Amino acid sequence: METTVEELKDNEVRLVVTVDAKEIDDRIKKTYKDFAYKYSFPGFRRGKAPRPVIDNAFGPEAVLATVTDDVVKESYPLAVDECGIVPVSQPEFEEQDSLAEAGKPFSFAATFKKKPRLELDSYDPIEIELPGEAATDIEITLQLDALREHYFEYKDAASSAKIEENGVADIALAATDDKGEAIESLASEPSLYVLGSGFFPPEFDQHLVGLKKGQKAEFDLEFKGLFTAGLASIAGQYDRVHFIVEVKAVKEKALPEVTEEWATETCGFESLEDLRTRVAESITESKQESLPRIRENRVLTALLSRLTGDVPEAMVEAREAELLQDFFQQLQSQNMTMDAYLSQMEITMEQFREDVKKQAHEVVRQDLALDAWAAHKGLEVSDADLSEEFAKSGTEDPKALEAEWRAQGRLHTLREGMLRYRALADLNDTLVIHEIDEEKPAAKKPAAKKATAKKAAPKADQAGKAPAEADKAPAEADKAADTAAPAKKAAPAKTATKTAE
């Protein structure tokens, strides 16, 4: 098989493939045998019908037409791989003047768009900022502050303090029906009440906002059709209730001091130093787990900032289709419907599709940036490298799997993945890291889980690979993939600290 490539405009190419006469003759011979076995011919045993009988039954061009279709379908992907071209659109085959003929070579041509080679505006080593692995004092302090949140108490605020939205107060409560008779089930002596807890309707809470110690509020509330935990005792009995609420004290949250007594008696550690040591160990362990991913993300972000040129829409659409297919397979494996997913994530279908498209665009840009780095650095993946990768895939017959991929014209996808992985490795080899101390974030971190003296079990190694499947890309190419589950809302950034467990 011989191939020639003609470069056209707008990243389009014309590929001409010529299959030699011997290959055509072999295909014609095989196809006649296939016809003889596939169909029944009166007077002949299966597989024994001669060519003239077959031609007479189906027409003289039937076998040649089949050979022509097969040679185009099977030779095109091989020719694409042989030329090292990566198509990003479906081929348009030129109309054939004649069918394949015995004793003659056969040529066909196809036009398609190929993957562009974009450039980076700089190939200097990447520089990033990264926190150190060891726990810092501020990280330990932040984690202890989060731990204190689990042991808070409420104390009386100043007499001038006012109740705020979602605030807390000691209140005394009286209630009467529309006849002025007391509703004993709603009456209460001074007790702690948290606004926004849902115990009473939001309208109840609104009447308390702004009150100070010693002040009262009287108001009527329509209760028809309403049901909350605080109204369970009168459900369906009253349409309107008159409330008299007296604020006995406005409360504020009081966190415990980080003392030796608190560390030992409340948290159960041997000493305050033991608590700090456990927290530091937990932070360090968590950072050691998360820093490789943080490092990779920052490297790729810096690399993407250097990419120049436009990303082909065809590549984005193809990647979008892949992400959607993978996503729906995940949903199916979890027995989850699309409607349930959208409801859980609190997004619409339009937002979902927009998220997938953005993710696809970003993944394609990342791929092209890594391709540019690999090309500039002269990185290569040989046929021997490909064979070795198939051998590492864990399949029973790696040579058969490689032959299948080669026949299907899929080797370029494996080669691309391996090159991108090697490009990322090369980026890390030359990476310049500026170590920094993490600053206190502006947003308040979620409260940590209650600390115990038991150490947490280590997490599963995220770098571990699932067993290879017979029709799955081999190992090294998978390492280069860094696509998250598609169409989700942005997940909160994982903190570099965690509770000492």
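Here is a short exchange about helix packing and strand pairing in a predicted model.

Colleague: Why are helix 1 and helix 2 called roughly perpendicular?

Modeller: Helix 1 covers residues 21-38 and helix 2 covers residues 51-58. They pack at an angle of about 70°. Angles of 65 to 115 degrees count as roughly perpendicular. The two helices are therefore roughly perpendicular to each other. Their axes lie 10 Å apart.

Colleague: What makes this a contact, and which residues of helix 1 and helix 2 meet?

Modeller: Contact means heavy atoms within 4.5 Å. From helix 1 come Ile28, Lys29, Tyr32, Phe35 and Ala36. They meet Arg51, Ile54, Asp55 and Phe58 in helix 2. By class, the contact has six nonpolar residues, three charged ones and no polar ones.

Colleague: How do you know that strand 7 pairs with strand 11?

Modeller: Count the bridges. Pairing takes at least two. Strand 7, residues 153-156, is joined to strand 11, residues 240-254, by four bridges. So the two strands count as paired. They run antiparallel. Glutamate 153 stands opposite alanine 254 of strand 11.

Colleague: How many bridges link strand 10 to strand 11?

Modeller: Seven, again with at least two needed for a pair. Strand 10, residues 216-222, also pairs with strand 11 in the antiparallel sense. Here glutamate 222 has arginine 240 of strand 11 as its bridge partner.

Conventions
Residues are numbered from 1 along each chain as its sequence is written. This is a predicted model: local features need pLDDT of at least 70, side-chain atom pairs count only at pLDDT 80 or more; totals for chains, interfaces and linings use all residues. Side-chain values use heavy atoms; hydrogens and water are left out. Axes are lines fitted to C-alpha atoms, for helices over the stretch in contact, and angles run from 0 to 180 degrees between N-to-C directions. Angles under 35 degrees count as roughly parallel, over 145 as roughly antiparallel, 65 to 115 as roughly perpendicular and the rest as oblique. Ala, Val, Leu, Ile, Met, Phe, Trp, Tyr, Cys and Pro count as nonpolar, Asp, Glu, Lys and Arg as charged, and the others, Gly among them, as polar.
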